[in-house]
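Colleague: I am new to this structure and would like to learn how to read it. Could you take me through it feature by feature?

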Amino acid sequence: MPSLSPPPRRIIVSHRLPLRSTPDPSSPFQFSFSLDPDSLPLQLSSSLPSPPLFVGTLPLPSPSSSLSDELSQHLLSTFSCLPVFLPSDLHHHFYHGFCKHYLWPLLHYLLPLSPSSHGGLPFESALYRSYLSANKLFADRITEILNPEEDFVWVHDYHLIALPTFLRKRFPCVKLGFFLHSPFPSSEIFRTIPVRDDLLRALLNSDMVGFHTFDYARHFLSSCSRLLGLGYQSKRGYIGLEYYGRNIIVKILPVGIDMGQLQSVVSSPETASKIRELKETYKDRVLIVGVDDVDIFKGIGLKFLAMEKLLEERPELQGRAILIQITNPARSQGKDIQEVRDETHSIRDRINTRFGQPGYQPVVVIENRPVPMYEKAAFYAMAECCVMNAVRDGLNRIPYTYTVCRELSPALSDSSKKSVIVVSEFVGCSPSLSGAIRVNPWNIESVSEAMYSAISMSEVEKQLRHEKHYKYISTHDVAYWAQSFDQDLQRACQDHSVKKNCYGIGFGMSFRVVALGPGFNKLLVENVVSGYRKTCSRLVLLDYDGTMVSQSLIDKRPSEEVIQIVNRLCADPSTVVFVVSGRGKDDLAKWFEPCEKLGIAAEHGYYIRWNRDSQWETSACINTPLDFDWMKVVLPVMRQYTEATDGSHIEQKDSALVWHHQEADPDFGLCQAKELLDHLEKLLANEPVVAKRGHHIVEVTPQGISKGVVVETIISAMQDHNKAPDFVLCVGDDTSDEDMFEAV
């Protein structure tokens with residue numbers, strides 16, 4: 001019996017490998033390595049269909065070139081980890097320069113308004129080039145082991161936003177997912193990045209892009225709309241973006257915690273011993289816990305001010321309530337980090353001086369050392385309330401961990417299975433914690449009141465909130481998140497099995513892949529020229545806007561070069577040339593007045609003339625004179641929407657009315673266009689006209705008028721004169737030209 005083929009491999013790419021390193025003089029590498037159970041890439045790996053391969057940097061300086069290959073082989077065979085070796089200078093500029101002091105603050109809404117801005121550096125091209133160089137080295141490493149036909153690549157976080165472009169350039173059909181663990185700011189913030197288009201296009205070179213919350217996804221979609229002109233649609237519960245023929249899925253799901261790993265920590269003897277110690281140390285006290293990294297966005301100072309306010313307004317809590325603040329080591333260094341430390345120390349000392357008593361300090365800060373997980377678990381288990389007060393944060397699973405520790409700790413009695421969370425509304429986990437007390441961290445009084453409410457509410461209310469949270473957290477753990485992302489990534493890559501024609505276009509970070517259906521045949525210039533020369537009755541059909549003249553130009557007149565090319569084509573007696581446009585006949589007649597033999601079909605074929613000296617005729621499909629009284633009804637409606645939509649205008653033709661919103665706000669213009677179309681369809685239900693949406697327009701035209709009909713008319717007339725075309729070249733640039741293509 002033949003063996004089943006193994007499932008496709010998953011390649012997990014992150015800035016750091018899920019490894020811990022300790023100095024070891026006996027090792028040939030001077031370090032010994034072990035897997036890091038707290039690493040998210042490692043936690044998610046257990047739920048994937050097959051053991052993944054990890055790609056990332058090491059938490060230590062790069063080894064000498066003589067040892068790098070040997071170390072790579074050791075880590076790959078022992079831990080399934082493939083290290084990316086970045087030169088120390090490059091890594092410093094990449095990570096501490098561009099990532100931590102430019103991109104990370106900006107994603108958290110901190111604009112570098114001046115070179116001395118608090119915490120953020122201004123954009124520097126040199127640092128950005130380092131960022132791209134580091135991402136390219138990641139791509140080089142992945143290229144060594146990637147099977148693009150089978151493997152799935154999952155890239156994590158803002159350090160590697162550029163990576164999808166480098167991979168897509170080398171492997172047009174690579175199966176690639178990206179998850180951003182930080183916030184994605186509003187388009188008004190994101191658009192300040194000088195290389196904003198590069199970063200957006202890089203994300204769009206993924207097959208799926210994941211975010212923690214709908215807000216982050218909404219901001220991403222808004223940036224795509226406002227900066228790249230891309231629309232999106234929701235279908236069967238999935239949000240999709242069409243990008244050059246490829247469909248990119250936008251995934252929304254917050255990361256969960258590793259229940260198995262946390263349960264083993266909570267039930268460990270070390271945790272139980274620490275809980276007994278804390279019970280004795282903080283006997284008859286009410287503990288409030290907070291665990292944060294040291295950075296400018298965690299709001300530790302604001303949390304301390306709220307604690308001070310609580311003790312001021314609730315004297316009965318003086319001597320009883322204690323805020324335990326555990327600070328994780330800073331992930332980068334700089335003036336901003338030191339200022340955070342100085343601020344928190346100053347506020348802590350002031351509070352402890354005002355309200356402290358012998359044997360009682362209202363604010364206890366645990367810092368300057370790595371706090372082991374069992375110690376944190378003990379504090380979580382003992383705390384009545386957890387306060388997460390960040391002013392802006394993405395991935396933060398502290399409230400989840402707190403809830404599970406309160407539930408699973410064997411050192412607590414059954415009556416203690418209750419918890420309350422005070423969480424900032426600007427934290428990524430906030431929407432999933434429906435039982436939490438959500439606060440604006442900038443409102444000190446509100447946070448203080450929330451802290452009091454959390455410790456003073458009834459035991460039943462605490463228990464119900466705890467049960468609600470635990471039910472969600474235990475069923476939406478990291479395994480659920482990883483499986484959901486993996487399944488949706490497979491769904492997003494289903495089109496890869498359809499043999500599409502993929503063509504790479506653009507240079508550098510502007511690179512993207514154009515995906516076309518299996519029936520598409522690329523139109524090669526040499527084939528067109530050969531076919532043209534071999535035939536004796538030719539028809540050339542040219543759209544105008546976007547084809548003969550750029551859409552971005554305000555002056556829509558054809559250039560001298562266009563006029564010369566058209567005249568050269570028309571000079572051949574065996575070639576009939578037509579401009580087929582939605583524009584009015586007067587403008588087209590004036591602009592192409594130098595083209596004596598050029599045929600023009602105006603207003604999508606309502607008017608047609610065969611050359612400059614012939615008369616304008618109306619479409620052959622119109623047997624009776626049309627009644628245009630419907631314009632008297634439509635025009636006031638369009639004027640109403642024009643007055644309400646800044647940047648819109650009405651184009652009035654002989655046969656049609658067009659409402660343009662290209663220069664309006666993208667979101668508002670789109671909303672107004674949908675509303676206008678719905679309004680007109682109801683209003684014109686019994687009229688012989690068609691209301692339809694196009695690219696930044698809403699148009700009302702008589703029934704039976706289209707570019708396809710006029711093309712059929714032209715071909716039929718040529719056949720009647722025994723000049724049936726044996727060569728037809730039709731050129732257009734948007735969906736309005738599809739009717740022409742079908743008629744041909």
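Modeller: Take a pair of helices to begin with. The axes of helix α7 (residues 196–204) and helix α8 (residues 214–228) come within 11 Å of each other, crossing at roughly 120°. Keep in mind that this is a predicted model.

Colleague: How should I read the angle between α7 and α8?

Modeller: An angle from 65 to 115 degrees would count as roughly perpendicular, and one over 145 as roughly antiparallel. α7 and α8 are therefore oblique to each other. Their crossing is left-handed.

Colleague: Which residues of α7 and α8 meet?

Modeller: From α7 there are R196, D197, L200, R201, L203 and L204, and they meet F220, S223, C224, L227 and L228 of α8. An α-helix has 3.6 residues a turn, so residues three or four places apart point the same way.

Colleague: What is the angle between α9 and α14?

Modeller: Helix α9 (residues 259–266) packs against helix α14 (residues 398–408) at about 50°, and their axes are 10 Å apart. That makes α9 oblique to α14. Here α9 passes α14 in a right-handed crossing. On the α9 side M259, L262, Q263 and V266 take part, meeting T401, V404, C405 and L408 in α14.

Colleague: Now a single helix. What does the span of α3 show?

Modeller: The idea is to compare the helix with a straight one. A straight helix of 20 residues would span 28 Å, but α3 (residues 88–107) spans only 25 Å between its end C-alpha atoms.

Colleague: Where does α3 bend?

Modeller: The bend is at C99, and it amounts to about 45°. After the helix comes Y109, whose phi is positive, near 75°.

Colleague: Why is α3 described as largely enclosed?

Modeller: A residue counts as buried when its relative accessible area is under 20%. In α3, 15 of the 20 residues are buried, so the helix is largely enclosed by the rest of the structure. For the protein chain, 53% of the 744 residues count as buried.

Colleague: How many helices and strands does the protein chain have?

Modeller: The protein chain has 24 helices and 29 strands. Its C-alpha trace spans about 105 × 65 × 60 Å along the principal axes. Contacts can also be read by their separation in sequence. Among those in the protein chain with a separation of 6 or more, 70% come from residues 24 or more positions apart.

Definitions and conventions
Residues numbered from 1 in each chain as written. Predicted model: local features only at pLDDT ≥ 70, side-chain atom pairs only at ≥ 80, totals over all residues. Heavy atoms only, no water. Helix = DSSP H or I, 4+ residues; strand = E, 2+ residues; numbered from the N terminus. Expected span 1.5 Å × (residues − 1). Bend = angle between axes of the 7 residues up to and from the residue. Buried < 20%, exposed > 50% of the residue type's maximum accessible area, 1.4 Å probe, protein only. Axes fitted to C-alpha atoms, helices over the stretch in contact; angles between N-to-C directions. Parallel < 35°, antiparallel > 145°, perpendicular 65-115°, else oblique. Left-handed = near helix turned anticlockwise from the far one by under 90°. Contact = heavy atoms within 4.5 Å.
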